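Hello,

Here is the structure I promised to pass on to you. Please open it first, and then read my notes below.

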Amino acid sequence: MQHPRIAYACCLDDEPMPHGVQQSGMLFGTSFNSGCGCDQTQDSLGVSDFLRTRLILSIVVPTSSSRLNSGSRAKTKKRGETHRLPERELRSDSKTCLAARVRVNIDDALIDFDALKVVRRLVRHGYEAYLVGGGVRDLLLGRRPKDFDVATSARPEQIRRLFRNSRIIGRRFRLVHVFFGAGKVIETATFRRNPETSSKGNELLIRSDNAFGQAHEDAIRRDLTINALLYDVESKEVLDFVGGMPDVRKRVVRTIGDPHIRFQEDPVRMLRAIKFCSRLDLGLVPDLYDAIVSNRKAIVDVARPRLLEELLKLLRCGASHRAVFLLWETGLLDCIAPEVSTLLNDAPCSAQDVQQFWQMLTEVDRRTSRRGAPLHDIALMSLLLLVPMLESVEGHRDRASAAHRFAESLFLRLAVPRRMSDSVCRIAAVLPKLEAKKPGRFARTELYKIASEVLSVARVTRVGSKSH
Ligand code: ATP
Ligand code: MG
């Protein structure tokens, strides 16, 4: 299958450094993983290109930091060698481990008041604490975040002691939920460091993810550069250890470190990259896109319930058309749902069906954005499978059983819960009756409302009408 790279939307030109940040030399860098395999050096690339090809713990030195600034050029090694800070420095706390500190103009009013309260109390008690992850990313991209997470140097017990309204959760990696009114939870996690990968052969799959670390380690263990920014609420600065700010400005999705390695460590990251690219209308950088294509088959190694959840997130995200298109284009859909990709691959023979399939996802996105909430998961799964499923049940007396036979291996592959799989098949079976306005007793079931929504999406795109 050909993979036209329409998802590329990046610009690799260097951009001026943000105001107030001086690019004054390479401090130290480390390959993210021994298998990083990148042999480009600082000599042959600009500093920010270097930053994109390797994982750098710290690269840009604020003007005031003369201690580590001086002599850093002298540490520049020959082509092909990795820059390393002496152990002592690598272990230093993140106040001395330098990142790009970028002053940003974020209005406190856009930040959850309770999240600010958590960060400020931690800082008042002498800990490092930042807003992190998706909340910071969304603010910088001009979107209203759906939640805020906090990362801190305080250990779970120390956090717990500061907030009476909190509870330590998780056995493997313990973090703290701080509770506020109306069921609000601010997830507060101690800085974690990059997990160990399996030592078996060349396998990189992450086995353990539970070691405490420092702020820079917490940033580099994350998946994408745009997801690894720490926001210091007091100084109103973003700490960028991974080159996330230039990527936010260019509106591109890029992994931290070598995308092949990061996807082998955790193949779900491929779906996450597609989700953020679709939902936030960003571009995928070419090497990330290519790494998805090469590593697509690893997606089947993911725990099946997690795979289902990530697929549903793509359908719920308000940009399901783009997300599913990228899944198909990169070949991931062949691995996750060949029942659907077969239809799309066969476009010349089933042009109308394929058109209807895409129109239906467009309609899903329209409804999601209109109501500000996703459709029911059962409706989403039904709509994803509807076109090929209706085709497979045509002419069968027992349409529900035929639908089951069609989707049996997909339900197994994704560990679709019984309630969902039964409902999806039942909807496919009952659709002609609903369209004929003869729902009978089905109208009294819980599923009626969901099936009606499926029908109304199908009607907009004329999929249902084929079935009878
Ligand atoms: P959303 O708005 O969808 O919640 P998010 O970025 O907050 O987006 P989460 O799934 O809530 O996504 O994860 C929180 C943070 O944890 C991410 O921003 C990212 O930094 C990190 N993270 C999540 N999943 C992974 C992963 N598979 N590998 C590395 N880091 C991850
Ligand atoms: Mg989140």
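Let me start with a term: a residue counts as buried if 20 or more other C-beta atoms lie within 10 Å of its own, as exposed if 12 or fewer do, and as partly exposed in between, with C-beta atoms placed from the backbone. By that rule, 44% of the 468 residues in the protein chain are buried.

Some ground rules before you go on. This is a predicted model, in which local features need pLDDT of at least 70 and side-chain atom pairs count only at pLDDT 80 or more, while totals for chains, interfaces and linings use all residues. Residues are numbered from 1 along each chain as its sequence is written, and chains are lettered from A and ligands numbered from 1 in the order in which they are written.

The overall build

The protein chain has 20 helices and 12 strands; these are DSSP runs numbered from the N terminus, with helices being H or I of at least four residues and strands E of at least two. Two residues are in contact if their C-beta atoms, placed from the backbone, lie within 7 Å. Of the contacts between residues at least 6 apart in sequence, 68% join residues at least 24 apart.

The core

A nonpolar core here is a set of buried Ala, Val, Leu, Ile, Met, Phe, Trp, Tyr and Cys residues joined through C-beta atoms within 7 Å. The largest one holds 116 residues, and L230, V253, A273 and A428 touch the most other members. Helix α17 (residues 377–393) supplies its largest share, 12 residues. At least three residues come from each of domain 1 (21–76 + 83–258) and domain 2 (303–467), with bounds taken from an automatic or database domain assignment.

L386 has its place in helix α17 and counts as buried because it has 27 C-beta neighbours inside 10 Å.

Two strands pair if DSSP finds at least two bridges between them. Strand β2 (residues 129–132) runs antiparallel to β3 (residues 149–152), with 4 bridges, and A129 stands opposite T152. On its pairing with β9 (residues 230–232), also antiparallel, there are 2 bridges, and V132 stands opposite L230. Setting aside neighbours within four places in sequence, the contacts of L230 include V132, A151 and V238.

In a regular strand the side chains alternate between the two faces of the sheet. Both faces of β2 are covered, with A129 and L131 buried on one side and Y130 and V132 on the other. Strand β10 (residues 237–240) is likewise covered on both faces: E237 and L239 are buried on one side, V238 and D240 on the other. β9 and β10 are antiparallel and joined by 3 bridges, and D232 has E237 as its bridge partner. In their hairpin, with 4 residues between the strands, K236 takes a positive phi near 55°.

The ligand

Which residues are around ligand 1? They are G133, G134, K146, R222, D223, N227, A228, D266, V268 and R269, where a residue is near a molecule if its C-beta atom, placed from the backbone, lies within 6 Å of it. This shell has 2 nonpolar, 3 polar and 5 charged residues; Ala, Val, Leu, Ile, Met, Phe, Trp, Tyr, Cys and Pro count as nonpolar, Asp, Glu, Lys and Arg as charged, and the others, Gly among them, as polar.

Best wishes
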